[in-house]
Amino acid sequence: VGHLVTDLDSVAGAIGAANLYGGSAAVASAVNTETRFALDTWGATLPEPVETLLAERPDRNVCLVDFQQQSQLNPAIPMGNIVGIIDHHALQSNTIVTERPIFVDIRPWGCMSSIIAHNHAVQGKFLPKHIAGMLLSAILSDTLNLKSPTTTTWDERVVTMLVQYLEVQDVNELAARQFRAKSQSLSLMTPYALVNGDMKQFKFTGDQETYEVAYSVIETTDADASLSRAADILPEMRAVKLVTPSTKAMLLAIVDIVNLTSTLLICGRVEASLAVAAYSGVLENDGTMLKLPGLVSRKKDFVPPLTKA
């Protein structure tokens with residue numbers, strides 16, 4: 001099972017890992033339109049909610065995929081049930097803590113689904129084509145069609161392997177269709193959904209205090225359309241802090257996946273101070289925007305400078 005605010009990598013990875021290790025795939029929350037596009041394209045079935053599987057067997061073992069932060073864990077999952085982690089994110093102060101040794105496979109690759117596909121090849125495990133397709137779509141999503149700075153040679157090799165196996169005629173066209181499906185849905189989403197649709201909570205431990213920061217990302221092929229809705233999005237960002245008082249700051253990056261650049265939305269004074277400290281630059285639009293040229297990855301570009309700040 002993947003993280004809360006489920007994305008394509010966490011769903012594809014869960015499906016792939018279940019096939020590889022003989023488990024059952026689950027989802028931690030509702031899926032987005034990009035994930036539904038991939039499920040429909042490859043004829044895969046949406047996994048059951050993790051709450052359903054645990055209700056049937058409360059003692060069943062759980063392997064986490066695509067995360068290891070406690071703040072991203074579905075509350076239905078008992079910490080004592082966790083027996084494995086497969087991930088590609090940095091270890092931070094809020095990492096899962098277990099009472100006994102567990103299986104861990106964490107690699108600095110661009111996508112967790114690359115790890116799953118690679119392990120199928122290494123272990124000689126048969127990979128059904130509908131699962132291979134889900135893994136391919138997840139890699140294209142997480143690496144922005146292999147253009148993200150998080151992309152590694154291994155991601156490229158795995159994509160080449162999957163494209164040949166699936167006989168995909170034009171992988172760039174597949175990625176473009178997938179990104180359009182994700183972007184077109186943004187115009188129909190409410191400001192609340194835009195803010196909460198791809199939000200992760202991070203905890204940073206300072207000298208005397210722990211700071212919790214909510215960080216949302218909107219990936220789109222039409223960044224101007226999302227930026228034009230900033231006046232509606234900013235109040236929803238402030239509402240996140242009202243609903244969860246433990247959240248000290250709320251940031252949202254609108255990522256232009258065509259031009260590979262981003263704009264950070266700033267909803268308050270704390271956020272403004274934190275953003276300038278982390279990324280430098282000059283605030284624009286009455287202090288509500290900060291350009292992040294060349295930065296597109298929350299994992300590699302956004303969170304590490306935030307951690308230092």
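I started with the orientation of α4 and α6. This is a predicted model. Helix α4 spans residues 112–123 and helix α6 spans residues 153–166. I looked up their axes, which come within 10 Å and cross at roughly 60°. Angles of 65 to 115 degrees count as roughly perpendicular and those under 35 degrees as roughly parallel. The α4 and α6 pair is therefore oblique. I also noted the hand of the crossing of α4 and α6: left-handed.

Next I asked which residues make the contact. From α4 I listed Ser114, Ala117, His118 and Ala121. From α6 I listed Trp154, Asp155, Val158, Met161 and Leu162. I then sorted the contact of α4 with α6 by class: six residues are nonpolar, two are polar and one is charged.

Then I turned to the domains. I looked up the domain assignment of the protein chain, and it gives domain 1 as 8–184 and domain 2 as 189–308. How far apart do the C-alpha centres of domain 1 and domain 2 lie? I noted 25 Å for that separation. For the contact between the domains, I recorded 17 residues from domain 1 and 18 residues from domain 2.

Last, I checked the UniProt record. The entry is unreviewed, and its annotation "domain: DHHA2" covers residues 176–309. I looked at that span in the model. The end C-alpha atoms of residues 176–309 lie 35 Å apart. By secondary structure, the span is 43% helix and 28% strand.

Terms used. Residues are numbered from 1 along each chain as its sequence is written. This is a predicted model: local features need pLDDT of at least 70, side-chain atom pairs count only at pLDDT 80 or more; totals for chains, interfaces and linings use all residues. Side-chain values use heavy atoms; hydrogens and water are left out. Axes are lines fitted to C-alpha atoms, for helices over the stretch in contact, and angles run from 0 to 180 degrees between N-to-C directions. Helices (H or I, at least four residues) and strands (E, at least two) are DSSP runs, numbered from the N terminus. Angles under 35 degrees count as roughly parallel, over 145 as roughly antiparallel, 65 to 115 as roughly perpendicular and the rest as oblique. A crossing is left-handed if the near helix is turned anticlockwise from the far one by less than a right angle, and right-handed if clockwise. Contact means heavy atoms within 4.5 Å. Ala, Val, Leu, Ile, Met, Phe, Trp, Tyr, Cys and Pro count as nonpolar, Asp, Glu, Lys and Arg as charged, and the others, Gly among them, as polar. UniProt positions are given in the numbering used here, feature names are shortened, and annotations may be inferred rather than shown by experiment. Domain bounds come from an automatic or database domain assignment.
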